[in-house]
Amino acid sequence: MALNPASKAASTQAPVFEFLPALARRRFGARLAARTTLDVLHEANGLFTFVLRRNEGPEGEVLEDRFAQMRMLDHRPDGYRLFWKKGNGRWTAYCGCNDDGFSGTIDECLAEIARD
């Protein structure tokens with residue numbers, strides 16, 4: 001079976017998704033409050049969304065906060081672009097020091113999220 005661009009991206013993302021949640025929890029674990037968990041959601045198009053889930057109130061209501069996204073770059077298989085969620089609910093490119101959209105490897109993106 002021949003590889004097409006979609007199957008190539010899917011085969012690249014599968015190993016990434018397997019270790020990304022554990023890597024993110026290790027990187028951000030010290031910052032998580034009590035009764036808060038960090039999850040990483042994965043979509044087939046190379047999109048990873050970081051979600052904080054908190055148990056609130058006496059009934060244990062779960063609140064979700066989707067705070068960051070990494071999107072796979074087409075021209076660089078090991079590269080991702082970083083996005084953050086604005087107050088109006090829209091995702092926008094995270095700007096680095098030079099006001100360009102921040103892009104880098106998984107480790108660089110996680111380091112930038114942790115730094116910010």
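1. Helices (H or I, at least four residues) and strands (E, at least two) are DSSP runs, numbered from the N terminus. This is a predicted model, where local features need pLDDT of at least 70 and side-chain atom pairs count only at pLDDT 80 or more, while totals for chains, interfaces and linings use all residues. Residues are numbered from 1 along each chain as its sequence is written, and side-chain values use heavy atoms, leaving out hydrogens and water.

2. A happy place to start is the charge pairing. With a salt bridge taken as a side-chain nitrogen of Lys or Arg within 4 Å of a carboxyl oxygen of Asp or Glu, the count comes to six.

3. Inside helix α2, Arg-115 and Glu-112 sit three residues apart, about one turn of the helix. Their salt bridge has its closest N and O atoms 2.6 Å apart. Arg-115 is exposed at 56% relative accessibility, whereas Glu-112 is buried at 12% (buried is under 20% relative accessible area, exposed over 50%, partly exposed in between, with a 1.4 Å probe and protein chains only).

4. Salt bridges with shared partners also link Arg-25, Asp-39, Arg-53, Glu-64 and Arg-66 into one network.

5. Do have a look at Asp-107 and Arg-27, whose closest N and O atoms are 2.4 Å apart in their salt bridge. Asp-107 belongs to helix α2 (residues 106-115) and Arg-27 to helix α1 (residues 5-28), so this pair ties together parts 80 residues apart in sequence. Asp-107 is partly exposed at 43%, and Arg-27 is partly exposed at 34%.
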